[in-house]
Amino acid sequence: MCSLERRGRVFILTLTGDGEHCLSPDAISSIRNALSRAKSESAASGGLGFALVTTAEGRFFSNGFDLAWARSSGSDSVARDRLQSMGYLFRPLVADLLSLPMPTIAAVTGHAAAAGFMLALCHDYVEMRGDRGFIYMSEVDIGIPFAPYTLALLRSKIPDPKVFREIVLEGKKIGAAEAVAKGIIDRAHGSAKEAVEAAVRRAEELAARNWIGEVYCSIRKGSLPEISSALGFPPETEEDRVKLLSLSKSML
């Protein structure tokens, strides 16, 4: 499933094992529990100056929903129900990452497909190995429609309409160097190890800024209005802003 390690002010969430890290209900629950722990521990330590890195062991970052589990019942109707259930369960995981009160960095160490690619895009920054692996939305190839919130996430993170078309309507597989050139990810690195090291360095630099987590989270959600609305985040009120300002008082 996954592990959570804390190195100073940086949390490192690792999808463990050599498999494809498919997002089964159990895997989604494991990731959500790790994020909850990171949120709780950061709050207990003052709520400022933390960052999260998400990475994976093996050849895959994540190959999306667990289609093998969905089909394992041998029933088409059960397979559809299981696939739909993973889509429902993934939505709050997206919300957890977009509302996490700290900067987030994905270290994509292998293939990231479908929901696995979306998992990476939920982070504020994406570092990716350049020697192997690709990002890919497989839905058009395997005949699975997009949920509205997934399209909202993709539009929020991939604003170029031509790039969006390649990914969503053409199912193009894109390597790290091309993904950097198209503005999908931030940087490509020579190996998985280098991608993780770069992500941790970035996390340490961001944590050192000592930002107030709740203020950072508010700014993130405000800068991503479409996906924030699709996930049901309530609009920020004047009362909310006053509360955030009270957190900032000691920093002014």
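Analyst: Helices are DSSP runs of H or I with at least four residues, strands are runs of E with at least two, and both are numbered from the N terminus. This is a predicted model, in which local features need pLDDT of at least 70 and side-chain atom pairs count only at pLDDT 80 or more, while totals for chains, interfaces and linings use all residues. Residues are numbered from 1 along each chain as its sequence is written, and side-chain values use heavy atoms, with hydrogens and water left out.

User: Why is Val242 called partly exposed?

Analyst: Buried means under 20% relative accessible area and exposed means over 50%, with partly exposed in between (1.4 Å probe, protein chains only). Val242 has a relative accessible area of 47%, so the term is partly exposed. Val242 sits in helix α12, residues 238-248.

User: What makes a set of grid points a pocket?

Analyst: The grid has 1 Å spacing and covers the protein atoms alone; a pocket is an open set with protein on both sides within 12 Å along at least five of seven lines, whereas in a cavity a 1.4 Å probe fits but cannot get out. A lining residue has an atom within 4 Å of a point. By this rule 31 residues line the largest pocket, and Phe65, Leu83, Gln84, Ile144 and Pro145 lie nearest its centre.

User: Which helix supplies the largest share of that lining?

Analyst: The helix is α3, with eight residues.

User: How large is the second largest pocket, and which residues are closest to its centre?

Analyst: A volume is the space filled by probe spheres set on the points, which are joined across faces, edges and corners. For the second largest pocket this is about 440 Å³. Its lining has 17 residues, and Ser218, Lys221, Pro234, Pro235 and Glu236 are the closest to its centre. Two or more lining residues come from each of α10 (213-223), α11 (225-230) and α12. The most come from α10, which gives five.

User: How do you know which of its lining residues are nonpolar?

Analyst: Ala, Val, Leu, Ile, Met, Phe, Trp, Tyr, Cys and Pro count as nonpolar, Asp, Glu, Lys and Arg as charged, and the others, Gly among them, as polar. The lining of the second largest pocket then divides into seven nonpolar, four polar and six charged residues.

User: What makes α6 mostly covered?

Analyst: Seven of the 10 residues of α6 are buried. They are Tyr149, Thr150, Ala152, Leu153, Leu154, Ser156 and Lys157. Their cover includes α3, α4, α7 (161-168) and α11, where contact means heavy atoms within 4.5 Å.
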